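Here is my note on the model you asked me to look through, written as numbered points. Please keep the structure open beside the text and find each residue as it is named.

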Amino acid sequence: MKVGFIGLGIMGRPMALNLLRAGYALWVHGRRPVTMDVLTEAGAQPCGSAAEVAANAEIIFIMVSDTPDVEHVVTGENGLLLRLKPGQVVVDMSTISPAATRRIAQQLETRGVEMLDAPVSGGEAGAINTTLSIMVGGKEKTFQRVKPLFEAMGKNIVHVGDHGAGQVAKACNQIVVSLTIEGVSEALTFARRNGVDAAKVREALMGGSAGSRILEAHGKRILDNDFKPGFTVKLHQKDLRIVIEDAHKLGIGLPGAALVAQHLNALMGSGDGELDSAAIVKVVERMSGTSVK
């Protein structure tokens, strides 16, 4: 099977490498040519445009930052639509607007091209270790066709529903993750302000109902004051913007998500957009008069 991969950033590059390691012939394109170097050294064919990928691959993965980026890859100058043919499949693994996903899927369908939306959770470590959670929207038959490739990149692979359902599931994931990071940040700040060893508090909480992967991983980052990004503030802010925009259209209240969205906005304003989203604790600390060096 001939496979294409467009978007070779912190997540896309290791995901594409895992497809190569699984034995698939791979055509790749990155906005910055240097991002293709590791993959071409491993045997992938570099392409100068998304259209060139479409000319060679049967199934094409996209892993870029935001809705406009996906739209540019598909419909922009030298985009996929220039060379796509009936029977091909486009799999968008980016996190973008569910409404835009449905619109793009309809546009591709008029050309006889199937689409899956398949955003992921698990961060850079999950991408490297093939342990990503993959949430998929689209037709069941198309999902079954692509599933072996998903299995080369992740472990928890769920077909959620029709077009856009994967993006809705990812939005739900980001609500839960962001609110849990907020809760961990507040708890550890509360411990510190009470003069109690926050590391011991985390250890105690890990053994009870409050235990979670967020408390384990992000709690450790907070304790160590280490915000090297696994998933950046900038991307988390974008994801919650999608959540809040969709909630506005639906007329539903998400007060917790709105609060964390504002904290992420504050981090962006203070120049912390490239830090890990565990840096939410910095906003909580500033409001509490606490600063950890």
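1. The side chain of lysine 170 reaches the backbone oxygen of valine 120 at 2.8 Å, which can be read against the rule for a polar contact: a pair of N or O atoms within 3.5 Å, where within protein one must be able to donate a hydrogen and the other to accept it, and where residues adjacent in sequence count only if both atoms are side-chain atoms. Lysine 170 has its place in helix H8, residues 165–193; helices (H or I, at least four residues) and strands (E, at least two) are DSSP runs, numbered from the N terminus.

2. Before going further, please note that this is a predicted model, in which local features need pLDDT of at least 70 and side-chain atom pairs count only at pLDDT 80 or more, while totals for chains, interfaces and linings use all residues. Residues are numbered from 1 along each chain as its sequence is written, and side-chain values use heavy atoms, with hydrogens and water left out.

3. Leaving aside its neighbours within four places in sequence, lysine 170 is in contact (heavy atoms within 4.5 Å) with Thr95, Pro119, Val120, Met135 and Asp239.

4. Strand E1 (residues 2–6) has 4 of its 5 residues buried, so it is largely enclosed by the rest of the structure. Two strands pair if DSSP finds at least two bridges between them, and E1 runs parallel to strand E2 (residues 25–29), joined to it by 5 bridges; in E2, valine 28 is the bridge partner of phenylalanine 5. E1 also runs parallel to E4, with 4 bridges between them, and there glycine 4 has isoleucine 60 of E4 as its bridge partner.

5. E1, helix H1 (residues 12–21) and E2 form a right-handed β-α-β unit, where right-handed means that, with the strands pointing away from the viewer, the path from the first strand over the helix to the second runs clockwise. A right-handed β-α-β unit is also made by E4, helix H4 (residues 67–75) and E5. The chain then crosses from E5 through helix H5 (residues 98–109) to E6, and this β-α-β crossover is right-handed.

6. E5 pairs in the parallel sense with strand E4 (residues 59–62) over 4 bridges, and valine 89 is the bridge partner of isoleucine 59. With strand E6 (residues 114–117), E5 likewise pairs in the parallel sense over 4 bridges, and methionine 115 in E6 is the bridge partner of valine 90.

7. In one of them, the side chains of arginine 103 and glutamate 71 meet at 2.6 Å, N to O; arginine 103 lies in helix H5 and glutamate 71 in helix H4, so the pair ties together parts that are 32 residues apart in sequence. Arginine 192 and glutamate 285 meet in another, at 3.2 Å, N to O; since arginine 192 lies in helix H8 and glutamate 285 in helix H13 (residues 280–288), the pair ties together parts that are 93 residues apart in sequence.

Conventions. A salt bridge is a side-chain nitrogen of Lys or Arg within 4 Å of a carboxyl oxygen of Asp or Glu. Buried means under 20% relative accessible area, exposed over 50%, partly exposed in between (1.4 Å probe, protein chains only).
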